[in-house]
Amino acid sequence: MASSPRTVLISGCSSGLGLELAVQLARDPRQRYQVVATMRDLGKKEALETAAGATLGKTLTVAQLDVCDDTSVAQCLGHIKGGDVDVLVNNAGMGLVGPLEGLSIATMQSVFDTNFFGAVRLVKAVLPGMKRRRQGHIVVVSSVMGLQGVMFNDVYAASKFALEGFFESLAIQLVQFNIFISLVEPGPVATDFEGKLLAQVSTAEFPGTDPDTLGYFRDLYLPASSQLFRSVGQSPRDVAQAIVKIIGAARPPLRKQTNARYVPLTALKALDPSGRLYVHTAHRLLFRWPRLLHFSLRCLACGCLPSQVQPQ
Ligand SMILES: NC(=O)c1ccc[n+]([C@@H]2O[C@H](COP(=O)([O-])OP(=O)(O)OC[C@H]3O[C@@H](n4cnc5c(N)ncnc54)[C@H](OP(=O)(O)O)[C@@H]3O)[C@@H](O)[C@H]2O)c1
């Protein structure tokens, strides 16, 4: 007899990865999932509803959820039949780039409120039910920036490092309850994410930042970042496919990098626990050998490497 579908709650489905993942799960040929695709502003639901097609109202429903708002989280869970979430996907997130001196503490806090406390808020809401039922899976869309710092992404990387530490700690306790945690670590993904950041920096003035730092940001970092997106960026479809496999796995991994082309960059940190190799290589590539960086990114983009690490 076929088992009943698992309820999957996903945050941040108005665009990008969340939208793509919701649709892929809803289209599962074996109909193993009932997807609750959430977004903070239902005024943006049209793109999701169009992509969902015939699955809308069957294996996919759309609901309001702002990860920064306790009432919104409680109301959303209150509408789920039985209130039980089998798989929670913490996907909602926002980026922040720029010189630290020019960013307000309030702006930095809003990144942590969304990326870190937003995920914690949802986990606190679903965990008692998962523990009671002795089963569950919490997927967290982290980033390669949860593994290593990237210049001018100080606060965003810190929010993803926070997720990594929090969920790795929780994972140990949850083994006892048969609840799995999976931290998914994409490299650059071609969603609205980068465009939103570029729009933000195009108008920002970063007051209080010295001219050298501003120059490094605008003339070194921004062009290198754009090239990185162009050369090793993955499609949201590929990343969502990797997450679908993780959700379907009998023993999901704690960590999964989705982009094999980015692995040479994360490997530098793993190779030297002192941290020097990564920091010095990143510094030299950006400040001393920008042509080598440009050439390396072109090599990575040439297509001889697989575009995706296949989850086991
Ligand atoms: N794109 C990349 O290069 C990349 C790389 C690694 C990891 N990631 C991570 O992937 C996740 C998805 O990002 P994406 O690339 O798909 O970008 P995206 O298209 O900008 O999607 C971000 C989603 O998060 C939602 N969101 C923001 N604040 C929220 C809140 N308070 N409550 C509920 N939803 C909220 C956004 O909703 P609104 O439309 O209302 O703003 C949007 O639906 C993020 O966690 C991001 O950090 C992205």
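A residue is called buried if 20 or more other C-beta atoms lie within 10 Å of its own, exposed if 12 or fewer do, and partly exposed in between, with C-beta atoms placed from the backbone. Everything below comes from a predicted model, in which local features need pLDDT of at least 70, side-chain atom pairs count only at pLDDT 80 or more, and totals for chains, interfaces and linings use all residues. Residues are numbered from 1 along each chain as its sequence is written.

**Close-up 1**
Asp28 is partly exposed, with 17 other C-beta atoms within 10 Å. Its place is in the loop between H1 and S2. (Helices, written H, are DSSP runs of H or I with at least four residues; strands, written S, are runs of E with at least two; both are numbered from the N terminus.) Look across to Thr59: it is 31 residues from Asp28 along the chain, and the two C-alpha atoms are separated by 9.0 Å. Gln31 also lies in the loop between helix H1 (16–26) and strand S2 (33–39). Gln31 has 13 C-beta neighbours inside 10 Å, so it too counts as partly exposed. Check its backbone as well: phi of Gln31 is near 50°, a positive value in a residue other than glycine.

**Close-up 1. Glu20 sits in helix H1.**
Is Glu20 buried or exposed? It counts as buried, because it has 24 C-beta neighbours inside 10 Å. Glu20 is found in helix H1. Skip its neighbours within four places in sequence, and Glu20 is in contact with Pro236, Arg237 and Ala240 (contact here means that the C-beta atoms of two residues, placed from the backbone, lie within 7 Å). As for Val123, it is 103 residues from Glu20 in sequence and 22 Å away in space, C-alpha to C-alpha.

How does the length of H5 compare with what 1.5 Å a residue predicts? The 22 residues of helix H5 (residues 154–175) should span 32 Å, and the end C-alpha atoms are 32 Å apart, which agrees. (The expected span is 1.5 Å times one less than the number of residues.) In H5, the buried residues are Val155, Tyr156, Ala157, Ser159, Lys160, Leu163 and Phe167. Among the things covering them are helix H4 (105–133), strand S5 (136–141) and strand S6 (179–185). As a bit of background, an α-helix has 3.6 residues a turn, so residues three or four places apart point the same way.

**Close-up 2. Tyr156, a residue with a database note.**
UniProt lists Tyr156 for "active site" in an unreviewed entry. (UniProt positions are given in the numbering used here, feature names are shortened, and annotations may be inferred rather than shown by experiment.) Tyr156 is found in helix H5. It is buried, with 24 other C-beta atoms within 10 Å. Leaving out residues up to four places away in sequence, Tyr156 touches Gly95, Leu96, Val111 and Met145. Over residues 6–166 the chain is 43% helix and 17% strand, with end C-alpha atoms 25 Å apart.

Start with Phe206, in the loop between helix H6 (192–203) and helix H7 (211–232). Phe206 has a positive phi of about 50° although it is not a glycine. With 17 C-beta neighbours inside 10 Å, Phe206 counts as partly exposed. Next comes Gly233, in the loop between H7 and H8. Gly233 is buried, with 22 other C-beta atoms within 10 Å. Not counting residues up to four places away in sequence, Gly233 touches Pro188, Val189 and Ala190. Finally, find Val239 in helix H8 (residues 236–248). Val239 has 24 C-beta neighbours inside 10 Å, so it counts as buried. With residues up to four places away in sequence left out, Val239 touches Leu17, Pro186, Val189, Gln234 and Thr258.

**Close-up 3. Where helices H9 and H10 cross.**
The axes of helix H9 (residues 263–271) and helix H10 (residues 276–288) come within 6 Å and cross at roughly 140°. (Axes are lines fitted to C-alpha atoms, for helices over the stretch in contact, and angles run from 0 to 180 degrees between N-to-C directions.) That makes H9 oblique to H10. (Angles under 35 degrees count as roughly parallel, over 145 as roughly antiparallel, 65 to 115 as roughly perpendicular, and the rest as oblique.) The contact is made by Leu268, Lys269 and Leu271 of H9 with Leu277, Tyr278 and Thr281 of H10.
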